[in-house]
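This briefing covers the chain interface, the salt bridges, the nonpolar cores and one surface patch of the structure shown below.

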Number of protein chains: 2
Amino acid sequence: MTDPKLTEGTDPKTGSVPEDALAAVEKERDEYLDSLQRLKAEFDNFRKRTARESAAQSARAGEALVKELLPVLDDLERALVAAEEHEEAKLEEGVRLVHRALADVLARAGLAEIETDGAFDPHVHEALLAQPVEGVEPGSVVEVIQKGYRLGDRVLRPARVVVAE
Amino acid sequence: MTDPKLTEGTDPKTGSVPEDALAAVEKERDEYLDSLQRLKAEFDNFRKRTARESAAQSARAGEALVKELLPVLDDLERALVAAEEHEEAKLEEGVRLVHRALADVLARAGLAEIETDGAFDPHVHEALLAQPVEGVEPGSVVEVIQKGYRLGDRVLRPARVVVAE
């Protein structure tokens with residue numbers, strides 16, 4: 001596409017254009033080429049950097065959680081010592097402590113228990129058994145065999161339940 | 001910068017160049033501009049995609065570990081029931097089970113205990129106390145107060161130790 005402004009001075013007899021019109025187009029061409037080369041280099045660097053950061057970021061996400069679990073592991077080892085020494089009261093207290101600590105770490109990570117008090121919901125429940133239960137509306141959850149959990153929006157594990165039919 | 005090949009035909013009297021020389025430069029300019037615009041669009045899309053993927057990736061890294069911890073939480077809840085019912089043998093066995101399960105999950109995530117059988121190493125040990133110990137070479141670790149852990153190359157927590165002086 002020829003810019004009409006730049007070819008205004010064309011001599012219709014000779015098919016020639018002023019030299020400065022050519023110089024102006026060449027300047028534009030060179031500027032675009034320069035921008036193109038800079039952008040290519042920038043894109044290359046960006047690609048390399050994100051690849052490096054992506055690996056580091058995955059490692060960090062796991063690392064934060066592992067670090068939070070160290071005190072849980074410590075408490076558990078203390079409970080283990082109490083178990084070996086048959087100190088029942090200490091062992092019981094230890095298990096309660098460990099459970100609370102682990103549940104807290106997981107709750108901070110976004111874990112939440114799936115509700116089971118109501119109608120069976122195939123999106124979050126898995127029916128292991130359906131049986132008639134007197135006085136209970138069909139389709140209700142009557143027993144939880146294994147708790148279910150979600151992490152944010154995602155179901156990590158459905159609740160395994162018995163359903164009234 | 002003017003390409004000498006394209007200005008070969010310049011008329012020295014009028015300072016004019018052939019029209020086809022101008023057209024050739026304009027074609028180059030337009031091609032560079034087109035490439036530049038395409039690359040900009042591609043770069044923009046890449047930037048947006050990596051930002052989305054990066055958030056999703058962090059979530060997934062944490063999610064895999066949380067999912068592996070669900071059976072540990074289950075075992076712990078069974079141990080808790082045994083504790084409430086004062087079934088000591090079951091409780092002890094439960095605590096051992098939970099400990100093994102948690103230690104396995106963490107080992108798979110890359111967690112390793114920091115060695116403490118040897119000389120004090122300030123990179124991985126923290127000296128809580130230094131005391132003379134008969135028959136022990138100064139600078140040796142003589143007792144571990146709290147275990148230390150590394151995750152891959154990184155020290156998550158130094159081992160807290162007593163050092164002979």
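This is a predicted model: local features need pLDDT of at least 70, side-chain atom pairs count only at pLDDT 80 or more; totals for chains, interfaces and linings use all residues.

A salt bridge is taken here as a side-chain nitrogen of Lys or Arg within 4 Å of a carboxyl oxygen of Asp or Glu. In that sense A:E28, B:R29 and B:D30 are linked in a network of salt bridges.

**Interface between the chains**

- Contacts between the chains involve 71 residues of chain B and 71 residues of chain A.
- About 6,900 Å² is buried between chain B and chain A, with 68% of it on carbon and sulfur atoms.
- Of the area that chain B buries against chain A, 10% comes from B:R29, B:Y32 and B:F43, more than from any other three residues.
- Between chain B and chain A, 8 salt bridges are counted.

**Salt bridges in detail**

- B:R157 pairs with A:D74 in a salt bridge, with the closest N and O atoms 2.7 Å apart. This pair joins two chains, because B:R157 belongs to strand 6 (residues 154-157) of chain B and A:D74 to helix 2 of chain A. Both B:R157 and A:D74 are buried.
- B:D74 and A:R157 form a salt bridge whose closest N and O atoms are 2.7 Å apart. Here B:D74 lies in helix 1 of chain B and A:R157 in strand 6 (residues 154-157) of chain A, so this pair also joins two chains. B:D74 is buried, as is A:R157.
- Within helix 1 of chain B, B:R38 and B:D34 are 4 residues apart, about one turn of the helix. The closest N and O atoms of their salt bridge are 3.0 Å apart. B:R38 counts as exposed at 58% relative accessibility, whereas B:D34, at 34%, counts as partly exposed.

**Nonpolar cores**

- The largest nonpolar core contains 43 residues, and A:L111 and B:L111 have the most contacts inside it. Chain A gives two or more residues to this core from each of helix 2 (19-84), helix 3 (88-108) and strand 5 (149-151), as chain B does from helix 1 (19-84), helix 2 (88-108) and strand 5 (149-151).
- Another core, of 8 residues, lies apart from that one and includes A:L39, A:F43, A:F46 and B:L36.
- Beyond its neighbours within four places in sequence, B:L111 is in contact with A:V66, A:L70 and A:L73, among others, and with residues of its own chain including B:L106, B:Y149 and B:L156.

**Surface patch**

- A:L128, A:L129 and A:I145 make a nonpolar surface patch of about 270 Å².
- A:L129 sits in strand 3 (residues 125-131) of chain A and is partly exposed, with a relative accessible area of 45%.

Conventions:
Residues are numbered from 1 along each chain as its sequence is written. Chains are lettered from A and ligands numbered from 1 in the order in which they are written. Side-chain values use heavy atoms; hydrogens and water are left out. A nonpolar core is a set of buried Ala, Val, Leu, Ile, Met, Phe, Trp, Tyr and Cys residues joined through side-chain atoms within 4.5 Å. Buried means under 20% relative accessible area, exposed over 50%, partly exposed in between (1.4 Å probe, protein chains only). Contact means heavy atoms within 4.5 Å. Patches are made of residues with over 30% relative accessible area and no salt bridge: like charges are joined within 9 Å, nonpolar side chains (Val, Leu, Ile, Met, Phe, Trp, Tyr) within 5 Å. Accessible areas come from the Shrake-Rupley method with a 1.4 Å probe; for residues, only the protein chains shown count as cover. Buried area is the accessible area (1.4 Å probe) that two parts lose on being put together, summed over both.
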